[in-house]
Amino acid sequence: MLIKRPGDIAPSEITPRTLFDQRRDFLRQSGAGLIAGAALWAGLPSGARAASLGALSKSAFSTMEEMTPRKDVTSYNNFYEFGTDKADPAERAGVMKTRPWTVRIEGLVNKPRTFDIDEILRMAPLEERIYRLRCVEAWSMVIPWVGFPLSALLKQVDPQGSAKYVQFISHYDPKIMSRLPVLDWPYREGLRLDEAMHPLTLLTVGLYGETLPNQNGAPVRIVVPWKYGFKSAKSIVTIRLLEKQPETSWNMAGPEEYGFYSNVNPEVDHPRWSQARERRIGEFRKRPTLPFNGYADQVASLYSSMDLKRQF
Ligand code: MTE
């Protein structure tokens, strides 16, 4: 992966512990909660202006772990269409227009449809899901995403019996995005249909109670918390149901390094670095990486008949 190693994170990119604690205390004392927290940081460079997503239901799938500050979630990003440096997306993705925006669902479905983003926002009750995000580069964050299960969207198009896989295609506009052959554009990812229908797989429209900043994949992205972060495609415009396993950008770029499944697995190292431990952004010590990123109870059964060291 043409990426910075975790050790390359500049100290200035990481919130000092004392500052982080002061922010949390402020939010607690003001009794303000998430929405106010997001407003507090609205002045930071985070692409197009975020809008509140209103009342959100809480999810039983949320982790109780300490959340990564919004500033870090929105300034330390991978969005290679806007450059390969972690700071590039926050600086450059603001030019992407996220209205109007449509998502086309096609392929092996009985009711192919193009959904407007505003239809998607009204489709199902929005939930806050506090998930761990584990990047293949061995750093992690805890992010309060906002969205609803992808299954609610897929059910609307009535998948055919022969559909076994789902491909996600990100928006690509060479006028404002990278033309370097870093990856084969547009960015493509994929899941098996049962993975896509799993209740943990989130169609994501926001974070910290507000619409997604552009650098985090506005206006709509996928979040699959038990897989390495690159499986969670940003700014999607097409969802295609297929019989055969789809092409995916990272797998095409390096099949030995980035498997189709890419379930978080501390026992399967990346050929160039260990996956046994990770560094939570904002912390200096490393912590052990958990199988399936801590979601084994919910998802391990999806892979009971597979050799996960071979099908990584
Ligand atoms: N989606 C697109 N379209 N382009 C990308 O470069 N990077 C992936 C994923 N989705 C990427 C993408 C990777 S490597 C990670 S770790 C996550 O987005 C990062 O999401 P975040 O920046 O919101 O934390």
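The model is predicted, so local features need pLDDT of at least 70 and side-chain atom pairs pLDDT 80 or more, while totals for chains, interfaces and linings use all residues. Residues are numbered from 1 along each chain as its sequence is written, and side-chain values use heavy atoms, without hydrogens and water.

**Exercise 1.** Find polar contacts of the ligand (pairs of N or O atoms within 3.5 Å).

Step 1: Start with a ligand oxygen, which is 2.9 Å from a side-chain N or O atom of Asn 77.

Step 2: Turn to ligand nitrogen: a polar backbone atom of Asn 78 is 3.2 Å away from one such atom, and a polar side-chain atom of Ser 170 lies 3.0 Å from a ligand nitrogen.

Step 3: Check the cover. Of the 540 Å² accessible area that the ligand has on its own, the protein covers 100% (Shrake-Rupley method, 1.4 Å probe).

**Exercise 2.** What does the aromatic pair of Tyr 76 and Trp 139 look like?

Step 1: Pairs need ring centres within 6.5 Å, and planes over 60 degrees apart count as edge-to-face.

Step 2: Here the centres are 5.1 Å apart with 75° between the planes, hence edge-to-face.

Step 3: Tyr 76 lies in the loop between α3 (70–73) and α4 (88–92) and Trp 139 in strand β5 (residues 139–149), so the pair ties together parts 63 residues apart in sequence. Helices (H or I, at least four residues) and strands (E, at least two) are DSSP runs, numbered from the N terminus.

Terms used:
A polar contact is a pair of N or O atoms within 3.5 Å; within protein, one must be able to donate a hydrogen and the other to accept it, and residues adjacent in sequence count only if both atoms are side-chain atoms. Rings of Phe, Tyr and Trp (its six-membered ring) pair if their centres lie within 6.5 Å; planes under 30 degrees apart count as stacked, over 60 as edge-to-face and the rest as tilted.
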